[in-house]
Amino acid sequence: MQLLSQDSERLVFHLERSEVQLLRQLVRWGLTAERSAAALSRDPTSLPGGAAAEFTAAQGRRAGEHRAFLEQVFAPKGSHLQAPAAGRKGYGLTLTRPEVERLLQALNEIKLAHWERLGCPDEDTAEIAETPENRVSELVMELSNQAQSILLRALLNEE
Amino acid sequence: MPTTVEPMTVPKPKIIPRERPAAAREPDYLVICWNDPVNLMPYVTHVFQTVFGWARARAEKHMKEVHEQGKSVLIRESFERAEYFVHQLQAYGLTATLEKDVG
């Protein structure tokens, strides 16, 4: 995945066919797990009445939007993938800057969901059991990290 | 004498704005970002810049606080503003909460 050009409104990437297939697989795997709701405060008693419930409901809506965007962005008949630039094979991917932010968020959403599925491991965690499910979750986390890094470097003009 | 028919007027709906207590508008809630082993450090910096409009140096300072001290107090705001920012940060997947400032 390579940044080809950018302006104040959009970024244009080139992806090889194999990269698009990998990203589609990432999305298929990624959407097999869901995050648990995050708390608004570590002291819910300090919140005005109803605030926690409203916050949880908004989170659910947001998670659904992230998932829908992921399903759409690399879809074969979606509006983001195009024919590649002249002389190239593969695909062009055009994203507005807000869409790049949405993609960063959506990738993080599936990364966190699979981290939770693995039991929220950190550097002190003993080795994770080698099961096919766990291997998939580790792959989702690693591939999401790599895709996020590419997007961040593009946003920071470091490509 | 002919009579005119008065047009039917539909009464305007009475909109009752949802009111928060006055206390909710006081700037006494802290937005705190907590460390986690998942979010990339450049990502956290980017999120702080994007959500708060901070320069990179300030965003990196808070990112390093999160990473090295386990948390960083990002801003102090009213409940409503703090809730808005926590929502924004959590949309990016950061571990952020709002806490009453008891200091």
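Of the 159 residues of chain A, 25% count as buried. The model is a predicted one. The C-alpha trace of chain A spans about 60 × 40 × 30 Å along its principal axes. Among contacts in chain A with a separation of 6 or more, 65% join residues 24 or more positions apart.

Chain A contains four helices and four strands. Along the sequence, these elements follow the pattern β-β-α-α-β-β-α-α. The four strands form an open sheet. Their order is β1-β2-β4-β3, and the pairing is antiparallel. Strands of a sheet pair through backbone hydrogen bonds, either parallel or antiparallel. The edges of this sheet are β1 (2–6) and β3 (81–82) of chain A. Each edge strand pairs on one side only. For β3(A), pairing with β4 (residues 91–96) of chain A is antiparallel and runs over two bridges. Here A:Q82 stands opposite A:G92 in β4(A). Helix α3(A) packs on the sheet. This helix touches β2 (10–15) and β4 of chain A, and its direction makes about 100 degrees with that of β4(A).

Two packed helices are described by the angle between their axes and the distance between the axes. For α3 (residues 97–117) and α4 (residues 132–155) of chain A, the axes come within 9 Å and cross at roughly 155 degrees. An angle over 145 degrees counts as roughly antiparallel. The two helices, α3(A) and α4(A), are therefore roughly antiparallel to each other. The crossing of α3(A) past α4(A) is left-handed. On the α3(A) side, the residues in contact include A:V100, A:L103, A:L104, A:L107 and A:W115. On the α4(A) side, they include A:V140, A:M141, A:A147, A:L151 and A:L155. By class, this contact has 11 nonpolar, six polar and two charged residues.

Chain A is also in contact with chain B. The contact involves 22 residues of chain B and 26 residues of chain A. On the chain B side, the elements that give two or more residues are α1 (41–52), α3 (79–91) and β3 (95–100) of chain B. Helix α3(B) provides the largest share, six residues. The residues on this side of chain B divide into 12 nonpolar, six polar and four charged.

Notes:
Residues are numbered from 1 along each chain as its sequence is written. Chains are lettered from A and ligands numbered from 1 in the order in which they are written. This is a predicted model: local features need pLDDT of at least 70, side-chain atom pairs count only at pLDDT 80 or more; totals for chains, interfaces and linings use all residues. Axes are lines fitted to C-alpha atoms, for helices over the stretch in contact, and angles run from 0 to 180 degrees between N-to-C directions. Angles under 35 degrees count as roughly parallel, over 145 as roughly antiparallel, 65 to 115 as roughly perpendicular and the rest as oblique. A crossing is left-handed if the near helix is turned anticlockwise from the far one by less than a right angle, and right-handed if clockwise. Two residues are in contact if their C-beta atoms, placed from the backbone, lie within 7 Å. Ala, Val, Leu, Ile, Met, Phe, Trp, Tyr, Cys and Pro count as nonpolar, Asp, Glu, Lys and Arg as charged, and the others, Gly among them, as polar. Two strands pair if DSSP finds at least two bridges between them. A residue is buried if 20 or more other C-beta atoms lie within 10 Å of its own, exposed if 12 or fewer, and partly exposed in between; C-beta atoms are placed from the backbone.
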